[in-house]
Amino acid sequence: RGLLHQESQEMIKDFLVYDEIPGITNVSTVSIPPGMVIEKHAHPSKYEIFLVNGGRGVFRVWEVGAPEGDEPELRQGVCCTVGPEEPHDICAEKGEEPLVITYLGVVAPESKPTPQAEVSL
């Protein structure tokens with residue numbers, strides 16, 4: 001499970017980690033300091049579900065290959081999702097309150113090759 005986009009492990013509390021429950025990569029809470037940005041990144045093999053517990057910010061998500069993305073506002077009670085390979089970033093609003101998010105990672109099913117029709121000659 002990659003957390004390389006986090007500046008500090010102290011920001012994250014893991015409640016469940018990879019392989020404790022099949023198909024779930026993590027259930028975690030992150031507290032993002034005001035004004036901080038979790039830089040644009042993507043996960044090749046998982047979905048992520050984000051639920052905002054407090055604070056405010058912006059969640060940006062791009063379709064794969066798109067130059068611009070959607071920018072839903074983050075505030076308490078908002079839920080956002082991203083799929084495998086979808087670039088996304090999170091920007092905490094400047095101010096006094098951190099942006100607190102609980103997020104869940106779910107393993108994406110592996111795509112199966114399309115069966116080729118048999119041809120007899």
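Select Pro 84 to begin, and display its surroundings: leaving aside residues up to four places away in sequence, Pro 84 touches His 43, Pro 44, Lys 46, Tyr 47 and Ala 108, where contact means heavy atoms within 4.5 Å. The model in the viewer is predicted, so local features need pLDDT of at least 70 and side-chain atom pairs count only at pLDDT 80 or more, while totals for chains, interfaces and linings use all residues. Residues are numbered from 1 along each chain as its sequence is written, and side-chain values use heavy atoms, with hydrogens and water left out.

Staying with Pro 84, you will find this residue in the loop between β7 (79-82) and β8 (88-92); strands here are DSSP runs of E with at least two residues, numbered from the N terminus. Pro 84 is partly exposed because its relative accessible area is 24%, the scale being buried under 20%, exposed over 50% and partly exposed in between, with a 1.4 Å probe and protein chains only.

Lys 46 forms a salt bridge with Glu 48, with 3.6 Å between the closest N and O atoms; the term requires a side-chain nitrogen of Lys or Arg within 4 Å of a carboxyl oxygen of Asp or Glu. Both partners are buried, Lys 46 at 9% relative accessible area and Glu 48 at 3%.

How many salt bridges does a search of the whole structure find? The search finds three, and another of them joins the side chains of Glu 73 and Arg 56 at 2.2 Å, N to O. This pair links distant parts of the chain, with Glu 73 in strand β6 (residues 73-74) and Arg 56 in the loop between β4 (46-54) and β5 (57-61), 17 residues apart.

Move on to Arg 60 and Asp 89, whose side chains meet in a salt bridge of 2.8 Å, N to O. Arg 60 belongs to strand β5 and Asp 89 to strand β8, so the pair ties together parts 29 residues apart in sequence. Arg 60 is partly exposed at 24%, whereas Asp 89 is buried at 5%.

Finally, turn to the cysteines: a search of the whole structure finds zero disulfides, a disulfide being a pair of cysteine sulfur atoms within 2.5 Å. For Cys 79, the nearest cysteine sulfur is that of Cys 80, 6.7 Å away.

Definitions and conventions: Helix = DSSP H or I, 4+ residues; strand = E, 2+ residues; numbered from the N terminus.
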